[in-house]
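The sequence and structure come first.

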Amino acid sequence: MKGRSKGRVLCCVGIAVVALVAWAGFAGQVETSTEGMVATAHQLASDAGAEILAAGGNAVDAAVAAAFAITVVEPNASSLGGEGYMVISLADGRDIAIDYRSWSPGHVTTDIIPGDYYYGAESTCIPGVVAGLALALEEYGTMTLAEVMAPAIRLAKEGFALDATLQSRISDAYDWMALDPVASEIYLPDGLIPELGALLVQSDLAHAFELIAEYGPSVFYRGEIALAIDEATEGFLGYTDLQRYAAVIREPVLSEYRGYEIIGTPPIVAGITVAETLNILDYFDMSQYTWSDVEAVHIMAEALKLGSADRMPYIGDPDFYDIPLEGLLSTEYAGARAGLIDMDSAMVPTKSVPAGNPEYVYLLQSYEPTNEVYSTSTTQLSILDEDGNAVSITQTISSFWGSRVMVEGYGFFINNELHNFNAYNPDNLGDVNVIGPYKRPRTVIAPTIVRDPDGEVYLVVGTPGAGRIPSTVVETIVNVIDFGMSLEDAIKAPKFCSRVSYSTLRMEAGYPQETLDALADLGHRLSTSYGELDLYFGGINAILVEDGVMTGVGSFRRDGGAAAP
Amino acid sequence: MNRRTGAWMIALMILVTACGAVWAQEEGAEPEAVIFEQPVLITSIGQSAGAAQARVLAIKAGLDATYNQRTSVEELESFATLIVVMGASSKGLGAAGVDIDGEIEWATELIDKAIELGIPVIAMHIEGDSRRGASSDLIATTFAPQADYLIVKGSMPDTEWTEDEAADGNKDGLFTTLAAEGEIPIAYITKTLDAIDVLVEIFGITTDEE
């Protein structure tokens, strides 16, 4: 072979090797199967769910298994001391939502200013993860707690290799964790951040799991773990508070978009915002655009502002407030809201986006949106079995590492959800998110399931990302349904965030400059300081079904993983 | 030999001696060793968790060490050695209320003062590849050349790296190059704990058993 030809061959081989390595790097993040799928924020949690599917469990069994496992491998974002919401769509046609949001303890009053307590015992709420997962399994699963918790127990007891993402979260927490003898004993051996690949064993957490597996949720809410939580929070979460807690089965929010059924979470979280926004978008022919066209971004941005504007006056704890769900979800109401979108001008988010009145379909006076602060410490799990049962879970402890209060002897952090309440304001007596006893604080999680026009599960989706959650979920659904993108491309495509409480339109890197310029010409104030595949915009873990083939995608923004049985 | 010839010979001898000294230096003769003494001040450039870990390492090494995540020029005067741990953290910089430019400005003043006072500087980079990037590299290229000793978690030249690739803070040889260009002694470690032995050696710490 002549020299020049040899060089070309070697070059091609080199390119092929690089391409193979690059592809292999995402191989665990994208999987296909016809027999079931689990997509979560960590490969080991996805593997745990897939293990249960392979053992004959259904999607609910697998979801509960993965949800316990994620508390082991992503302890900064999910724990037994956390909370969540689960949407289930069963092959027999039933759609269910399980509310295991945390509750404020019974002694809180309006004298407490939630924003004053971001960390520590006084930032905590009664956790719901154990009650919620146990309820889901009991009502809709086929296996025992001991069976589905086995992978999580094994991971905690035998340990797993520390990955770069968790190491980074430990590094970020080093300043306070090094001063906490309980947490540092587990996460800072020798007082140092563990090396990559080091075995992280969580024996205390394994012990807690084993107790729950043997005795059920009662050991957590009425037994020794409840006493330990009481002690760890110095009585802020008292034993009687824990005894009182219960997860609740609710009707999910059902809406339709382009003939697809959207199954989302009811209040007090953001399924209603996603549904409202999609209802508004249904009045526009989005299929004539692509994800990067200025018209597409503008319409979605305005629709998201309108959807989020209705949260403030209406979305409160459904056990305390009557919520005009029927009105908010009506297509007539969506049409009135869609009529407010001006293709030549952007609404100023914090000033000129009024809430609507779903009962009368005319406008209320505008209001001052409160400065809601949500944490990015959340995790998404998407599960689908071969029979067509689907589960979407978003689970959280609010901030990374939650309240920073670890329950000694049981190895988990407690959430810091209390700051998600509003402080009492005598000038806003109608505030539906004001702090009070045994209430759920309002947040923006939005686990979602989409059925196609034939009634089959089409998409299981959700994301962490705090205030970016509704935008990211809506854009992903539009990318797939309207723009015909593959799930991988739909997730990777740059995202933006628009909501009434953000004064700027926040743009992930990757939008064409002409689109950004055109958005600015329409009056949008842009924030463009974000990088490519920026964690700020969430970490979608999702499953798409086409022609009977399930594609599972673990987050590209957060090192997720997908697994099949 | 007349006077002129002698003068030429003396001049030649001087020239040869001078050339010999220069040649010896260019051939890599050991620079004059820096003596590191205690007490030690440990601080961060970049506000990552590295400096707090260096405090733990110093304690384990038996050093008389004080840790201040972002020290002051005034505090420096009480110490015999300054250890700076390099690595940019956006979270840490944000908590300190500074951006990278402000951090560089503050650290420049600190290092300049250390040099003025004759306080030797040990620069550490012990958080691997996670503390490499635009801001971290700016810190490294600015301040490593001014150090009297470098401790780096990362691969040595021509040596296989056996740990996780993401733990290699020197995979592109940046610190090797900086050390060579500045003739700065450099110690490579594979695990953070290994820095203890390096500190024991360069501070000349002996135990009761020795």
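## Confidence

Residues 18–30 of chain B have pLDDT under 50 (pLDDT is the predictor's confidence in each residue, from 0 to 100). For this stretch the model has one contact beyond four places in sequence; two residues are in contact if their C-beta atoms, placed from the backbone, lie within 7 Å. Chain B as a whole has a mean pLDDT of 88, with 83% of its residues at 70 or more. For the complex, the predictor gives an ipTM of 0.83 and a pTM of 0.90.

This is a predicted model: local features need pLDDT of at least 70, side-chain atom pairs count only at pLDDT 80 or more, and totals for chains, interfaces and linings use all residues. Residues are numbered from 1 along each chain as its sequence is written, while chains are lettered from A and ligands numbered from 1 in the order in which they are written.

## A sheet in chain A

Three strands of chain A form an open sheet in the order S18-S19-S20, with mixed pairing. Strands are DSSP runs of E, at least two residues, and helices are runs of H or I, at least four, numbered from the N terminus. Strands pair if DSSP finds at least two bridges between them.

S18 (496–497) and S20 (526–527) of chain A are the edge strands; each has a single partner strand, so one side of each lacks a neighbour in the sheet. S18(A) pairs with S19(A) (residues 505–507) in the antiparallel sense, over two bridges. Phe496(A) lies opposite Met507(A) in S19(A).

## Where the chains touch
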